[in-house]
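Open the model in your viewer and switch to cartoon.

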Amino acid sequence: MMKRQLPTCACALLFMILAGCTPSGTSPEADDGIHVMAAASLTDALTKLESMYEEQTGETLVMNYGSSGKLRQQINEGAPADVFLSASVADMEQVANADNLVDSVNLLENKLVLVAAPEVADSLSEWDDLTSAQLRSLAIGQTETVPAGQYAKQSLETLGMWDQLEESFIFGSDVRQVLTYVETGNADAGLVYQTDAETSDQVTIVAEAPEHSHEPIYYPVGLINDNEKARHFYEWLQTDEALAVFEDFGFLGAS
């Protein structure tokens with residue numbers, strides 16, 4: 001019996017389907033939403049902005065939160081990403097150096113603060129007390145991948161405290177984990193962003209980091225894929241409407 005053969009065009013289409021391709025040459029993920037990589041400290045503000053944007057446009061935002069360093073690594077290793085909101089200019093620059101960045105702008109500013117559990121806060125009134133308060137543990141972000149940890153290290157080194165306190169450090173995988181360590185009593189105190197500290201009624205803000213003890217804390221937003229949907233969201237984040245929401249959560253517009 002003669003075997004029936006598929007027409008050449010049908011074979012080509014079947015091959016593309018089996019290979020996970022589409023006739024247009026785009027990936028299957030192309031229409032599954034706008035992929036957004038964002039620093040963990042932006043979670044609350046972006047959750048509200050996500051709802052607003054999806055309601056206004058009908059688009060879907062696929063959010064991925066984490067430490068800026070880990071997100072940067074994922075982007076440079078090829079993870080799906082259209083827009084990147086980082087808590088670190090350095091991480092955005094590394095994305096640019098890997099030729100994965102179309103455009104970027106400094107969007108927001110933040111502050112680094114010392115927080116403590118209420119029962120510990122009585123022994124702390126300023127950063128200088130860190131070396132005399134006999135703390136069991138001080139939580140900070142991992143200095144390799146968490147910008148808040150990098151700013152914390154800069155401040156403690158500038159103030160001459162790093163070596164004295166090093167044995168007390170507990171390292172968090174992102175700034176939210178650092179805050180959780182203090183909230184749950186796993187750390188006596190911690191160094192976090194002011195915006196994160198203000199989300200919690202379980203910690204006391206002791207003091208801001210001394211002026212000029214660390215680099216300015218800028219949050220750049222970067223456009224990774226220059227398609228129409230991604231660029232629209234990238235530009236919308238820079239509007240007065242979006243910035244007002246960030247300000248409601250304690251962020252400052254970048255000067």
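**Stop 1: a helix pair**

This is a predicted model. Select helix H2 (residues 43-57) and helix H11 (residues 240-248): their axes come within 9 Å and cross at roughly 155°. Angles over 145 degrees count as roughly antiparallel. H2 and H11 are therefore roughly antiparallel to each other. The crossing of H2 past H11 is right-handed.

Now show side chains. On H2, pick Ala45, Leu46, Lys48, Leu49, Met52 and Gln56. On H11, pick Glu241, Ala242, Val245, Phe246 and Asp248. These residues make the contact. Colour by class: seven are nonpolar, one is polar and three are charged.

**Stop 2: the sheet**

Hide the side chains and select the strands. Which order do the six strands of the open sheet follow? Reading across, the order is S2-S1-S3-S10-S4-S11, with mixed pairing. Go to the edges next: strand S2 (61-66) and strand S11 (252-253) each pair on one side only.

Strands of a sheet pair through backbone hydrogen bonds, either parallel or antiparallel. For an antiparallel case, select strand S4 (residues 103-110) with strand S10 (residues 217-223). Seven bridges join S4 and S10. Zoom in on valine 105: its bridge partner in S10 is valine 221.

**Stop 3: helix over sheet**

Bring H2 back into view. Which strands does H2 lie across? Select strand S1 (34-39), S2 and strand S3 (83-85): H2 lies across these.

Methods. Residues numbered from 1 in each chain as written. Predicted model: local features only at pLDDT ≥ 70, side-chain atom pairs only at ≥ 80, totals over all residues. Heavy atoms only, no water. Axes fitted to C-alpha atoms, helices over the stretch in contact; angles between N-to-C directions. Helix = DSSP H or I, 4+ residues; strand = E, 2+ residues; numbered from the N terminus. Parallel < 35°, antiparallel > 145°, perpendicular 65-115°, else oblique. Left-handed = near helix turned anticlockwise from the far one by under 90°. Contact = heavy atoms within 4.5 Å. Nonpolar A, V, L, I, M, F, W, Y, C, P; charged D, E, K, R; others polar. Pairing = 2+ DSSP bridges.
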